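The following exercises are to be worked with the sequence and the coordinates at hand.

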Amino acid sequence: ELAGCNDIYLYIHEVDKALDITVDDLQIELYSTIAPTAEPTIAATEEVIIDDTEQPTDTPTSRPTVVDVTSCPIELSESVELSSGPVMLEKSSALCVLTKAAADELGDLTSIAPVALSYDNGDWEIAAGDYATQLLQGETFGSYNIGSHITLPPLPNGESYYLTSYFHSVSDTDKYARLLEAGTFGTTKAELDALIARGSYTHEAAKAWVVGQFNKTATSHREFFRTRVNQRLPHPARIARSGHPCSKGSRWRSYMFSQFDGDISWHPHTFEARQSNDGKYITIRLNNQIRGVVKKMLEPRYSDVVVQFNTEYEMCRRPEPHYAGRYWLRIDGDCHEFVNPQIKFYHDSAQPDASQVISLPNITSGVLEHIDMANTRGGEYILLSGSDDPECFSLNDVSEETDIPTFGRLPDGSWLMYDPRIKLEENTDADPIEDGGGLARSLTGDATACANAPRTFFE
């Protein structure tokens, strides 16, 4: 190929320049072209007719080198050991997993890692995870009528491949629950019961439910969320202000400290315990404001430190907002854990400020109810009916962290503490806020902004 060249250059790439390169036994020989043919060759413009390729066959052509098919064991039976090399694995109706494992002295499998799996009579597929991906790098499963073919790479000494089958069944209830989990913002028992009442779970039943959802009138998740959001709000914020203790839907709690009574940067909190003159009661105060009365001095859970009377301690961390939750005091430089006490007052003990106490009804369905039982362990309540106690008119419309706490006394002598939450405002086309949020802005000293907002595709 170099007949027309006078000079020949040899280029060697990616070699360290500090090295000397020695070329030995380099030969260039004369290369002759093929002699002209006796007959003319095909002209460049002459059409060359090429036969069409054959159509693909209806069934697989020649099989791989392995014809014997390895079947998965029966569910819950012993695993089947395999050797490395070519293998044809039968497709499995149940879940069948190919693993790498090592057998210990008792024959039990250890260091198990999934390699591949087959289920629902489907082709074998490489298992998820770095181990299977790296082990079978460059290998793929070939799919055939009789099974899936792959060449298993060798394993270190003491390790082998194993086939194991697993039995699993899902009830119609669980199948419907999965459908609702995937297609809604959360399964409710009423929706689940309605689907179960339709009969057995099938693809057609699932399809009918999905089509029914598409045919429903669209609603706003944002509107749903806004109607039900009820976050604690100890002070006015730009987005909202808290409600009034006597309003419908006000929240109350039976434990002394919430998460906003702990270690927060914008408002440090100090704890103090004061013993009565007769030694009968101990008054708990936060930021010099009474929170409740206990009969026994609080003791830390996991230390022997002693809380001194009439001594202020810094609240560290944030208390757990539920009954009998934890709160922490910084004593001698360390945080010590205590149990969040229940709010109590006795007839002959210290009392809260009378101007901050209203009468609450008994705990009754539709009036004063427990709320969020699972997360608060029965320590929180919602006043559904509101209150017309005369003291309501003397309470502040807006709660601040520095305000004296408001307490509620029940007919049975038990006590609850007002727990300020976001005040939800109705602001729709049908019922807009007439002043655009001007009143809230005025009451909070401009801390809460107006309620007007740019138009969006939601509103």
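This is a predicted model: local features need pLDDT of at least 70, side-chain atom pairs count only at pLDDT 80 or more; totals for chains, interfaces and linings use all residues.

**Exercise 1. Disulfides**

How many disulfides does a search of the whole structure find, and what is the pairing when the bonded cysteines are numbered in sequence order?

Solution. 

Step 1. The search returns 3 disulfides.

Step 2. Cys72 is joined to Cys96, with an S to S distance of 2.1 Å. The torsion about the S-S bond of Cys72 and Cys96 is -100°, and the link is left-handed. Distant parts of the chain are linked here: Cys72 sits in the loop between β1 (69-70) and β2 (80-82), and Cys96 in strand β4 (residues 95-103), 24 residues apart. Cys96 has 0% relative accessibility and so counts as buried.

Step 3. Cys246 is joined to Cys392, with an S to S distance of 1.9 Å. The torsion about the S-S bond of Cys246 and Cys392 is about -90°, so this disulfide is left-handed. The pair connects distant parts of the chain, 146 residues apart: Cys246 is in the loop between α5 (221-228) and β10, while Cys392 is in the loop between β19 (380-383) and β20. Cys246 and Cys392 are both buried.

Step 4. The sulfur atoms of Cys316 and Cys335 are 2.1 Å apart in a disulfide. Because Cys316 belongs to strand β14 (residues 313-316) and Cys335 to strand β16 (residues 334-339), the pair ties together parts that are 19 residues apart in sequence. Cys316, at 2% relative accessibility, counts as buried, whereas Cys335, at 28%, counts as partly exposed.

Step 5. With the bonded cysteines numbered in sequence order, the pairing is 1-2, 3-6, 4-5.

**Exercise 2. Strand β21**

Which strands pair with β21, and are Trp415, Leu416, Met417 and Tyr418 buried or exposed?

Solution. 

Step 1. Strand β10 (residues 250-253) pairs with β21 in the antiparallel sense over 2 bridges. The bridge partner of Arg253 in β21 is Met417.

Step 2. Strand β20 (residues 407-409) also pairs with β21 in the antiparallel sense, over 3 bridges. Phe407 has Met417 as its bridge partner in β21.

Step 3. β20 and β21 form a hairpin with 5 residues between them. In the turn, Gly413 has a positive phi of about 95°.

Step 4. In a regular strand, side chains alternate between the two faces of the sheet. In β21 (residues 415-418), Trp415 and Met417 lie on one side and Leu416 and Tyr418 on the other. These four residues are all buried, and both faces of the strand are covered.

**Exercise 3. Nonpolar cores**

Which residues of the largest nonpolar core touch the most other members, and which elements give two or more residues to this core?

Solution. 

Step 1. The largest nonpolar core has 25 residues, of which Phe257, Phe271, Ile284, Tyr327 and Leu329 touch the most other members.

Step 2. The elements that contribute two or more residues are β11, β12, β13 (289-294), β14, β15 (326-331) and β21.

Step 3. Leaving aside residues up to four places away in sequence, the contacts of Phe271 include Phe257, Ile284, Leu298, Val307, Met315, Tyr327 and Leu329.

Step 4. A second, separate core of 17 residues has Leu89, Ala116, Phe141 and Tyr161 among its members.

Methods: Residues are numbered from 1 along each chain as its sequence is written. Side-chain values use heavy atoms; hydrogens and water are left out. Buried means under 20% relative accessible area, exposed over 50%, partly exposed in between (1.4 Å probe, protein chains only). Two strands pair if DSSP finds at least two bridges between them. A disulfide is a pair of cysteine sulfur atoms within 2.5 Å. A nonpolar core is a set of buried Ala, Val, Leu, Ile, Met, Phe, Trp, Tyr and Cys residues joined through side-chain atoms within 4.5 Å. Contact means heavy atoms within 4.5 Å.
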